[in-house]
Amino acid sequence: MMHHLALWLAAAGAGGAAEPAGWTSWAYVYGVGGLVFAIGLALCLKSGQIDPSRRRGRRILALMIAGFVGYALLQGVMQMALPRW
Amino acid sequence: MPLAVVQQVGHWVDYTIIIAYVVGIMLFGLVFGRYAKSTSDFFFGGRRFAWWLVGMSFVATTVGSYSFIKYSQKAYQYGFSSTQTYLNDWFLMPLFMFGWLPIIYFTRVTSVPEYFHRRFDRRCRVMATIIILVYLVGYIGYNFFMLGKALNAMLGWPVFLASAGVALVCAVYVHFGGQTSVIMTDLAQGILLLAAGFAVLVLGVILLAQHGGFWANFPPAYRTAFAGLNRPAKFHAIGVFWQDGMANGVAFYFMNQGILMRFMCAKSVRDGRKAAIFIVLCLMPLAAIAVSNPGWIGRAMVNAGLLPATTSADQIFVLVADKVGGIGFFGVLMAALLAALMSTTDSLINAVSAIAVNDVYRPFIRKGASDRHYLAVARTVAIVAALVGVVLVPTFMAFKDMYVAHANFVATVTPPMVVAIILGVCWKRFTRTAALATLAGGAVCMVLTYVKAPAGDGMTIGEWLIHWVGHGIEPKGFTYMRSLYGIVVCSVIGIVVTLFTKPEPAARIDGLVIGSIRRAKELFKGSEPNEEPGERLLLTVVPIDRPENEANVVTLHPDDLARLHAKPGDMLYAADRRWWLGGLRSAHVRAGQPGGQPGTVAIDRRSLAPGELGPQTQVRVEKIL
């Protein structure tokens with residue numbers, strides 16, 4: 001217990017993170033960032049740069065969405081699970 | 001506050017490693033001087049490189065000497081959230097990969113100012129040239145400054161002299177080898193800086209294992225992906241998102257001439273996209289860990305009692321390196337810092353050279369000269385750019401917080417450009433008058449945020465302007481929010497002025513906006529694009545002699561053409577079968593009328609020479625367009 005207390009005090013004293021940041025940061029970044037991503041993807045689909053009627057287009061679309069979801073999951077786990085591990 | 005000079009300095013093994021590295025990388029870069037025979041070679045490496053080479057070069061360019069020190073500092077103060085800066089890029093990938101990249105590649109623009117000239121007009125080109133040159137040269141100076149500080153801390157060398165020495169090495173191989181030297185040295189330097197960063201992590205974890213372990217000593221509050229939403233004032237998730245994720249991210253991928261030239265070196269748009277995916281999904285996370293981990297290790301060391309609790313953030317990289325490494329490792333780490341510096345500034349120097357020649361010298365000072373003349377000018381400008389960067393070092397010495405200094409510089413210069421580029425690419429209605437208003441008006445609005453005169457409510461005029469997008473952040477945290485303010489203000493200016501001005505004729509902007517990329521492909525190829533996927537074939541080169549105007553036309557057997565799904569006139573790419581050359585030995589050619597023997601490709605000797613392909617060489621041939 002003293003070891004954990006020392007860790008908290010050291011963190012507060014260093015002027016850095018005083019307590020774990022919650023889900024709001026993740027939600028903001030992926031909400032606003034997700035909007036930017038979605039607008040970009042929509043423009044690509046509308047302009048025909050990504051053509052989901054073709055196999056290559058579907059693969060690209062899947063890859064783009066998978067990248068977004070992958071990052072969201074990675075940083076979500078870091079945000080919510082690692083401090084409790 | 002000067003960085004502390006550590007004790008483990010100056011062993012002859014370390015100095016040997018440092019000197020050997022500097023000499024070695026310079027000689028390695030000079031080897032590729034023979035590939036720079038034209039301005040196209042000097043600036044774009046002949047547009048021949050493979051995706052993985054482009055990707056590694058990108059990361060080496062992105063990770064500068066300041067990166068290790070800056071991100072270790074933030075990592076020490078705020079933990080894993082220091083990685084947010086490097087992990088924001090995927091949001092921009094659709095627009096970059098399928099909008100900006102194909103536009104600049106297929107329209108063969110050599111710079112962002114040139115795009116501005118073609119999309120808008122000459123006035124926009126002039127403004128963009130000034131802004132981008134300030135951005136690039138400032139970045140060069142900042143890199144030199146950060147390395148000078150590190151060398152001062154670790155070896156006791158004077159900051160200015162250390163900067164000047166490294167600048168000389170960089171300038172020499174860029175002068176002789178151009179973009180090919182940049183890319184090939186970046187590959188070596190990228191591997192070194194990632195390896196050194198991970199070596200610190202491994203050694204730090206091993207050291208901490210004897211004192212309770214890294215994880216047990218790393219506070220839970222430091223393990224999150226993001227800092228607090230809008231506090232602390234000096235580092236918060238909202239600010240990092242807008243400053244680094246949006247403004248800096250768009251500036252890097254859409255405006256940074258060095259980065260753009262990297263993607264323009266790719267053998268095709270498809271390889272450029274593969275490079276982007278490789279970068280964002282694989283290399284950037286690795287780079288984030290490599291540059292941040294000394295701060296994490298340092299925080300754990302403080303809690304384990306291995307470093308004093310009073311250790312300050314700007315000393316952490318140097319102190320951790322001192323703690324974990326033995327004789328020789330210190331030299332490797334210094335070599336990695338040098339690698340980080342040189343791999344960033346060589347790209348910037350080459351980029352300044354490209355803009356100076358293509359956007360200043362060629363259009364305004366001497367039109368219609370030979371390519372050989374412009375190549376000579378480019379080489380000279382490379383030296384001058386390095387010199388100017390060194391002269392800027394004292395300016396950066398005046399700022400206490402390195403990250404804030406860099407953020408101020410980027411935040412002020414980039415929002416007007418970033419908004420003009422994005423609106424220009426995505427919105428065909430966006431007019432030239434609106435673009436000029438965005439650049440000029442946006443710059444004025446950004447400068448206003450530095451006005452210190454009081455505005456009431458305890459805020460200055462600058463703070464009052466920013467507080468409208470402040471998200472509840474304290475005014476001392478407004479440095480980050482300046483970018484969001486700039487994006488909003490410039491967007492409003494751009495949209496409002498557009499709605500009151502006459503649209504551009506559609507034919508004039510064909511190929512320059514996202515909805516007209518097909519037209520850009522037609523112009524690039526000179527005929528209808530052929531995007532049917534085909535095989536990649538292994539063929540044997542047969543040198544031939546063709547008429548002057550058919551020097552890049554090749555002859556393939558009908559069966560081979562069919563497997564490529566290619567027709568006469570299609571653009572092909574032939575590269576040495578040794579994949580690890582990354583396209584260094586390759587040629588861009590066009591399919592001629594079918595003929596010849598199966599399994600062979602008959603190529604004119606003049607097309608073979610630039611890529612050093614010879615008779616009987618086995619090449620992999622693929623269709624590009």
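Two strands pair if DSSP finds at least two bridges between them. By that criterion, strand E5 (residues 571-576) of chain B pairs with strand E6 (residues 586-591) of chain B in the antiparallel sense, over five bridges. The model is predicted: local features need pLDDT of at least 70, side-chain atom pairs count only at pLDDT 80 or more, and totals for chains, interfaces and linings use all residues. Residues are numbered from 1 along each chain as its sequence is written, while chains are lettered from A and ligands numbered from 1 in the order in which they are written. Helices (H or I, at least four residues) and strands (E, at least two) are DSSP runs, numbered from the N terminus.

**Confidence**

- The predictor assigns the complex an ipTM of 0.88 and a pTM of 0.89.
- Chain B has an average pLDDT of 88, and 96% of the residues score at least 70; pLDDT is the predictor's confidence in each residue, from 0 to 100.
- Over residues 1-8 of chain B, pLDDT stays under 50. For this stretch the model has 19 contacts beyond four places in sequence, where two residues are in contact if their C-beta atoms, placed from the backbone, lie within 7 Å.
- Where pLDDT is low, the predicted coordinates should not be read in detail.

**Interface between chains A and B**

- The chains meet through 38 residues of chain A and 37 residues of chain B.
- On the chain A side, the elements that give two or more residues are helix H1 (2-13), helix H2 (23-46) and helix H3 (55-80) of chain A.
- H2(A) gives the most to that side, with 13 residues.
- By class, the side of chain A that touches chain B has 25 nonpolar, eleven polar and two charged residues. Ala, Val, Leu, Ile, Met, Phe, Trp, Tyr, Cys and Pro count as nonpolar, Asp, Glu, Lys and Arg as charged, and the others, Gly among them, as polar.

**Domains of chain B**

- Chain B is divided into domain 1 (12-410) and domain 2 (531-623), with bounds that come from an automatic or database domain assignment.
- The centres of domain 1 and domain 2 of chain B, taken over C-alpha atoms, are separated by 36 Å.
- Ten residues from domain 1 of chain B and seven residues from domain 2 of chain B take part in the contact.
- The domain 1 side of this contact has four nonpolar, two polar and four charged residues.

**Barrel in chain B**

- Six strands of chain B form a closed barrel in the order E3-E7-E4-E6-E5-E8, with mixed pairing.
- Neighbouring strands of this sheet are turned by 45° against each other on average, direction ignored; the axes are lines fitted to C-alpha atoms, for helices over the stretch in contact, and angles run from 0 to 180 degrees between N-to-C directions.
- Strand E4 (residues 553-556) of chain B runs parallel to E6(B), joined by two bridges. Val554(B) has Ala591(B) as its bridge partner in E6(B).
- E4(B) also pairs with strand E7 (residues 600-604) of chain B, in the antiparallel sense over two bridges. Leu556(B) stands opposite Val601(B) in E7(B).
- In E6(B), Ala587(B) is the bridge partner of Ala574(B).

**Buried sites in chain B**

- Burial is counted on C-beta atoms placed from the backbone: a residue is buried if 20 or more others lie within 10 Å of its own, exposed if 12 or fewer, and partly exposed in between.
- Helix H6 (residues 112-119) of chain B is mostly covered, with seven of its eight residues buried. Among them are Tyr115(B), Phe116(B) and Arg119(B).
- Phe144(B) is found in helix H7 (residues 122-155) of chain B. Phe144(B) is buried because 30 other C-beta atoms lie within 10 Å.
- The C-alpha atoms of Phe144(B) and Ser163(B) are separated by 5.1 Å, and the two residues are 19 residues apart along the chain.
- Beyond four places in sequence, the contacts of Phe144(B) include Ser163(B), Val166(B), Thr345(B) and Val393(B).

**Backbone exceptions in chain B**

- Most residues other than glycine have a negative phi, and most peptide bonds are trans.
- A cis peptide bond, with omega about 5°, joins Arg231(B) and Pro232(B). Pro232(B) is found in the loop between helix H9 (214-217) and helix H10 (237-255) of chain B.
- Arg108(B) has a positive phi, near 55°, and its place is in the loop between helix H5 (93-106) and H6 of chain B. Arg108(B) is partly exposed, with 14 other C-beta atoms within 10 Å.
- His471(B) has a positive phi, near 55°, in the loop between helix H19 (461-467) and helix H20 (478-499) of chain B. His471(B) is partly exposed, with 17 other C-beta atoms within 10 Å.
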